[in-house]
Amino acid sequence: MRRRRSMPLTPRDLNAVRHRAEHAPTPETREAASRLLTEHELAVAIGRPLHRARPRPAFRTSRPSPLGPNLTGFLVGALALLGFLFVATVLWAHATDVAETMRQQASAMRGM
């Protein structure tokens with residue numbers, strides 16, 4: 001004889017019950033088990049009536065910035081601008097150096 005459960009079904013127990021029902025000998029039981037539980041049935045099965053159900057907590061990927069969204073966006077933009085200016089300066093210096101080297105080589109070739 002099984003003892004009665006005073007606790008509601010956990011999701012794992014609910015899956016086990018559903019699995020046993022899906023492999024039941026009668027087709028009526030299998031058909032009943034194959035349909036999805038409604039929200040109310042699921043809430044009652046896990047122990048909380050739907051009218052008292054709490055919404056799931058929203059999943060946040062990260063903490064909000066302590067600086068606020070406007071200042072954070074400004075700082076990110078300023079950092080991106082500084083990075084762009086640094087890359088542009090390095091490329092400009094490289095291009096002018098290459099051009100100067102080519103001028104020197106051309107004048108050296110003319111003097112040969």
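A patch here is built from residues with over 30% relative accessible area and no salt bridge, where like charges are joined within 9 Å and nonpolar side chains (Val, Leu, Ile, Met, Phe, Trp, Tyr) within 5 Å. Keep in mind that this is a predicted model: local features need pLDDT of at least 70, side-chain atom pairs count only at pLDDT 80 or more, and totals for chains, interfaces and linings use all residues. Residues are numbered from 1 along each chain as its sequence is written, and side-chain values use heavy atoms, with hydrogens and water left out.

Start with the whole protein chain, colored by pLDDT (the predictor's confidence in each residue, from 0 to 100). The average is 77, and 64% of the residues score at least 70. You'll find 4 helices and 0 strands (DSSP runs numbered from the N terminus: H or I of at least four residues for helices, E of at least two for strands). Helix H3 (residues 39-45) has the lowest confidence, with a mean of 59, while H4 has the highest, at 94.

Now show the surface. The chain exposes about 10,700 Å², 64% of it from carbon and sulfur atoms (Shrake-Rupley method, 1.4 Å probe; for residues, only the protein chains shown count as cover). Of its 112 residues, 6% count as buried (under 20% relative accessible area; exposed is over 50%, partly exposed in between; 1.4 Å probe, protein chains only).

Next, select Leu67, Leu71, Phe74 and Leu75: together they make a nonpolar surface patch with about 400 Å² of accessible area. Phe74 sits in helix H4 and is exposed, at 56%.

Last stop: which residue forms a salt bridge with arginine 103? Pick glutamate 100, whose closest N–O approach to arginine 103 is 2.8 Å (the cut-off is a side-chain nitrogen of Lys or Arg within 4 Å of a carboxyl oxygen of Asp or Glu). The two are 3 residues apart in helix H4 (residues 69-110), so about one helical turn separates them. Arginine 103 is exposed at 52%, and glutamate 100 is partly exposed at 37%. A search of the whole structure finds 1 salt bridge.
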